[in-house]
Amino acid sequence: MSKLAILGGEPIRKKPFASWPLFRPSDVERLVGVVESRHWGGFPLPGKLAGEFAARFAELHGAAYGLCLANGTIALLAAVQALGLKFGDEVIVPAYTWDGTAVAVLQAGGVPVFVDVDPDTYCLAAPAVRAAITPRTRAIMPVHLAMRFADMEALRAIAREHKLLIIEDCAHAHGGRFQERGAGAGGDAGCFSFQESKLMTAGEGGIVITSRLDYFEALQSIVNCGRPSLTDQYRQKVLGSNYRMTELQAALLLGQLEMLPELCRKRTQHAALLNQKLGQLPHVRPLPPQPGLTRETIYHYVFQYRPTGPAPGRDLFVAALEAEGIPCDGRFYEPVYQSELFHATPENSPQLVVGRDQPMDYSQCHCPVSERAAYEESVWLPQFLLIGDEADVRDVIGAIEKVVANLKELAGTDPKLAGLKAYSRPLRARAKQRESSVKDSEHLPAVSSPAAWTPVKLTPYPQKFRTFYNLSDPNVPAQLRAKASPLPNGEIALRASDGALWLGSAQGLLRLDLSAPERDRRQYFAGRRYLPDDQVEQLVADNHAGVWVRTRTGVSHIELRAMTLAQKADFYERRIRDRHDRYGLVADSHLTVAGDISSNRLCDNDNDGLWTAMYAATECFRYAVAPSPEALANARKSIEAVLFLEEVAGRRGFPARSFVRKGDPVPGGEWHWTADGQVCWKADTSSDEVVGHFFMFSIAYDLLPDPDLKRRIAQTARRMMDHILDNGYNLIDLDGQPTTWGWWSPDKLRTEPQERALNSLQLLSFLKIAAHITDEARYETEYEKVAWKLQYADWITRLDEFRQELDYSDEELAMLPFYCVFQYEKDPRLLQAYRRALEAWWKNIQREANPLWTFIYLRGRPEAKVDLPAAAWTLYRMPMDLIKWNVRNSHRSDIVFAPTPDRFGLREAITLLPPDERRVMKWNDNPFVVDGGGDGHGEDDGTAFLLAYWMGRYHQFLLGE
């Protein structure tokens, strides 16, 4: 086969295919007649030509009535409204369709419920429909997609059983018949579109057909501004609007109706040839024949890309096919719940909340067949390829054969060659614009291609500082000693110098600022982080937007100081240097006196290796963004401490969890002294430490300027990787057994399904990092074996199948490896698997506004729609005081609680509180637990903030101050 056109070869097809739309001289004559009649609009309803067309179209499909409308989207909306849908009623829709199907339900006050599609038709799967029915379900809305029909016989049986209505979305099915019924005539109503790409078109336009007179009468009133229908037997009074079709559109559609049979014949004939030839090729699969499909209608010819072995991703396959001169698409649709155009939230669609125990949360939807079709499998060929002659179709076949024959070569190319084919249709215009704006830029390391997000420009932000005083202290304002004048509800109110309103009560302090961004309008101050106790007795404003607070037991001065995040990072760095540096390890700080940082005592932690590795990576990012001797020194010191953990354990390749030196107290657990008696190190090392070490190895190796240190990092990574490989993918302790959590072997993972997706990902990342920083082919060979032969590349994508409960610590142990594999992986098929795996984790993570996870997610999905301002907000709102005080929020009326506790039995919320109103935590804890914390005897180091901040700066998700 000749060289692929996408790689510089000659394309198979150099001339255009048949023009679309088609028209005939009689269409022009009919249009001229309408123009000359001076009756162009749709009133009175129906217009002469619109009424004629509607009657003929309904008859063709076996329906009693038809009514023309302005466009297909309006047809869906009017059909749902005529159904009599009540606010909050549920309508079952396929996940794999155009957004308009679901949006029509929302606009009518209903709640779309997404279910998966059949893998052989990509139409609504009847078993999934049955499983989704609830007492709220009112209707089913199947979509006849591309070239196949939903199983209407099965859906009618379900509808009869549960007394549901059926509205068919037939935008792709003009003239089609299934089980001897025309499209749109198998349910209560059918909706068609005449948009320009459709099988019949007037540029825009739509129609609803039905055999129910009551429905037809309601529909006429809705379309015609609420006027009574022509027959008005049911005397319905409904609100309406002007959805009428013009006579100019109807004139065109009459001609389109005349051409439809011959065009359908051609498409069917040419599709049969495609089926025959593609059925003989490897790596592709025509959609199987559909029993009961008695008159085919082919809006797009769809086949499936199903490669075996290493192969390019579907998007690159499609781009290569189009380079051969064949118009095509892969991301023609995506699951609606992941679409850029689907913005359904409780704020804009209150029916998602009202009357429900929990809000409908579309971020939790997962329809694997739809996702596979959208992102991995489907290839769409537009219908106009099939309305020319057989030679046109032979060119299509030849191009597919050529690309399939060159898959191996294509697999070794840069996935970026997919270009705009790697983006959904709604994003392509933006992607094209962004691509041109950054074409020659070399300073945006995070953006390998256009994205659906805009970097956050950081600005100074008011940070909270608190100082406690005795009431007798001369610094305390005299007014604070006066008796307060409470409001009728017992609260104490104060207007601060910046206009914000402060309200004190027996449960702490509330700051209200209606001029602030929505997330910051209500801010709560309670617990020892802010107040001596929560019984507020008096308030006095200072001159800088802050407040003096007298409580039952003391006085607190709360200051709001404008700081940049860079200044905040410096503040956090000083904390680590002053109170968290133990032999280069980033250590826990125990305060012998609660809240007194001067009483700090350093102590070990099981995860010293993980926390220190994350801090070392932080300083590498910091050095890459703003090179300084301090950042480099901090990075080197912590890297040395991590490397020492592998050196001290006595078995090279096996890292210790932590260590203490002679004279330090030796805590409980499994500890071993070195032969010289100078160091005691902790064993039973877990996967947590190995994840942290390899994460740090990767970043330090790529970003630091020190060749000797990089050589030692590579040597340590090699020894650790060899230890794991030599021991059957396990971490073996001194007793010859795998450590409690240090195992990645397939046999163990088969018995531990909860860990299977996570640990598979970890091992793949270790091998990929080892291959990168040692440049040894044996690790890449082992990586390929683990991915494909041992099926770890499949296991990582099945988190939803394997996971039995939410463990927020696992998120950390997944996202750090994700960062590394997306740095290095080039194989499109593996990238596809990693992205599917990433999406499974993202379903829960995205609601956390976690900046670190958000930035890592964008490394794998740079085109994704994310809320970057929310990630920056989390950094802004992380408290300056990281002492582990107890907090209590469960009494608050602004929190929506989850119906069940978390895995530890703790009450958790659906509402995400800002970090400075919840307990201090790292990124491995549940941010939705609203109560808890500590007694003031511990202080966090702040690496969680620093790593997210400097990674965001490095990849330019955050633009520095």
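Two strands are taken to pair if DSSP finds at least two bridges between them. Helices (H or I, at least four residues) and strands (E, at least two) are DSSP runs, numbered from the N terminus. The model is predicted: local features need pLDDT of at least 70, side-chain atom pairs count only at pLDDT 80 or more, and totals for chains, interfaces and linings use all residues. Residues are numbered from 1 along each chain as its sequence is written, and side-chain values use heavy atoms, with hydrogens and water left out.

An open sheet of four strands has the order E26-E25-E33-E32. Its pairing is antiparallel. Strand E26 (600-603) and strand E32 (883-887) are the edge strands, and each pairs on one side only. Neighbouring strands are turned by 50 degrees against each other on average, direction ignored. Strand E33 (residues 932-939) runs antiparallel to E32, and three bridges join them. Trp885 has Asp935 in E33 as its bridge partner.

A further open sheet holds four strands in the order E15-E22-E21-E20, again with antiparallel pairing. Strand E15 (461-469) and strand E20 (536-541) stand at the edges. Each has a single partner strand, so one side of each is left without a neighbour in the sheet. The twist from one strand to the next averages 20 degrees. E20 and strand E21 (residues 547-551) run antiparallel and are joined by five bridges. Val540 stands opposite Trp548 in E21.

Helix H14 (residues 565-579) packs on this sheet. H14 touches E15 and strand E22 (555-563), where contact means heavy atoms within 4.5 Å. The direction of H14 makes about 125 degrees with that of E22. Axes are lines fitted to C-alpha atoms, for helices over the stretch in contact, and angles run from 0 to 180 degrees between N-to-C directions. H14 also lies across strand E25 (588-591), E26 and E33. Relative to E26, H14 runs at about 80 degrees.

Two packed helices are described by the angle between their axes and the distance between the axes. For helix H16 (residues 629-648) and helix H17 (residues 687-703), the axes come within 11 Å and cross at roughly 135 degrees. That makes H16 oblique to H17 (under 35 degrees counts as roughly parallel, over 145 as roughly antiparallel, 65 to 115 as roughly perpendicular and the rest as oblique). The crossing is left-handed: the near helix is turned anticlockwise from the far one by less than a right angle. Ile639, Val642, Leu643 and Leu645 in H16 meet His693, Met696, Phe697 and Ala700 in H17.
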